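Hi,

Here is the structure I promised to pass on.

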Amino acid sequence: MFEAEREELVEILKQRGITNQRVLDAFIKVERHLFLPEIMQQHAYKDVALPIGLGQTISQPYTVAFMTQALDPQPQNRILEIGTGSGYQAAIIYEMGVRVFTIERHLELYNSAMKIFDKLNLKIATRCGDGTIGWEEFSPYDGIIVTAGAPIVPTNLKKQLAVGGKLVIPIGDKKIQTLNILTKISEEKFITREVPYFAFVPLIGKEGWNGK
Ligand code: SAM
């Protein structure tokens with residue numbers, strides 16, 4: 001279903017500068033409409049963020065593609081995602097041959113993402129809780145992606161990243177953020193590339209914003 005719409009979406013992503021063929025292939029493979037409430041499914045292949053309930057969103061496809069390209073996960077890498085939401089971003093990374101670990105703080109979203117992963121037979125490790133403290137048990141990760149806007153880079157996430165790995169995280173205020181792409185070059189040192197003007201829902205937690 002919606003094959004032509006997915007092809008069109010991939011053309012838009014290419015025009016906007018997404019060049020990584022493995023990322024583009026994952027966008028062809030993963031059916032975004034399955035990660036949305038039925039009433040929203042007709043809009044699934046527009047390049048826009050959409051509501052998924054509880055005031056949360058499935059990110060805009062371009063943003064998902066841009067962050068995935070920046071993360072550049074390789075087959076068999078272990079990647080931690082903070083902010084499972086609908087599960088779509090996790091599924092995109094999983095389809096690139098990656099071992100995915102994902103954390104969501106809202107129980108309802110966690111449950112519905114788990115159901116979709118089961119239905120599609122995606123072997124993604126899920127956890128419900130505060131992702132700002134990471135998931136130490138399976139660390140270090142080859143990459144970490146945070147899909148909610150943070151006030152700072154959580155120290156636990158920096159610690160749980162392997163040397164050589166990338167941490168992709170939007171940093172800013174509650175409305176507008178700059179995407180920070182950190183590369184860990186030694187246990188203590190990171191280099192950071194910044195890309196402005198992203199808009200995510202807030203990262204709520206111990207090393208995030210206060211909130212419900
Ligand atoms: N990656 C998601 C997708 O593909 O649908 C988009 C996520 S949405 C923009 C951000 C998500 O982060 C929300 O579902 C929100 O509940 C979650 N979130 C916010 N703070 C969090 C935290 N500290 N730990 C885990 N999840 C968090």
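First, the ground rules. This is a predicted model, so I kept local features to pLDDT of at least 70 and side-chain atom pairs to pLDDT 80 or more, while totals for chains, interfaces and linings use all residues. Residues are numbered from 1 along each chain as its sequence is written, and side-chain values use heavy atoms, with hydrogens and water left out.

**Around strand 4**

Helices (H or I, at least four residues) and strands (E, at least two) are DSSP runs, numbered from the N terminus. For burial I used relative accessible area: buried is under 20%, exposed is over 50%, and partly exposed is in between (1.4 Å probe, protein chains only).

What does strand 4 pair with? Two strands count as paired if DSSP finds at least two bridges between them. Strand 3 (residues 78-82) runs parallel to strand 4, with 5 bridges, and Ile79 has Val100 as its bridge partner there. Strand 5 (residues 125-128) is also paired with strand 4 in the parallel sense, over 4 bridges; here Thr102 is partnered by Thr126.

**Salt bridges**

I required a side-chain nitrogen of Lys or Arg within 4 Å of a carboxyl oxygen of Asp or Glu, and that rule gives 5 salt bridges.

- Lys14 and Glu11, at 3.3 Å. Both sit in helix 1 (residues 3-15), 3 residues apart, or about one turn of the helix.
- Asp47 and Arg16, at 3.3 Å. Asp47 is in the loop between helix 2 and strand 1, and Arg16 in the loop between helix 1 and helix 2, so the pair ties together parts 31 residues apart in sequence. Asp47 is buried at 15%, whereas Arg16 is partly exposed at 40%.
- Lys29 and Glu95, at 3.4 Å. Lys29 belongs to helix 2 and Glu95 to the loop between helix 4 and strand 4, so this pair links parts 66 residues apart in sequence. Lys29 is exposed at 54%; Glu95 is partly exposed at 27%.

Cheers
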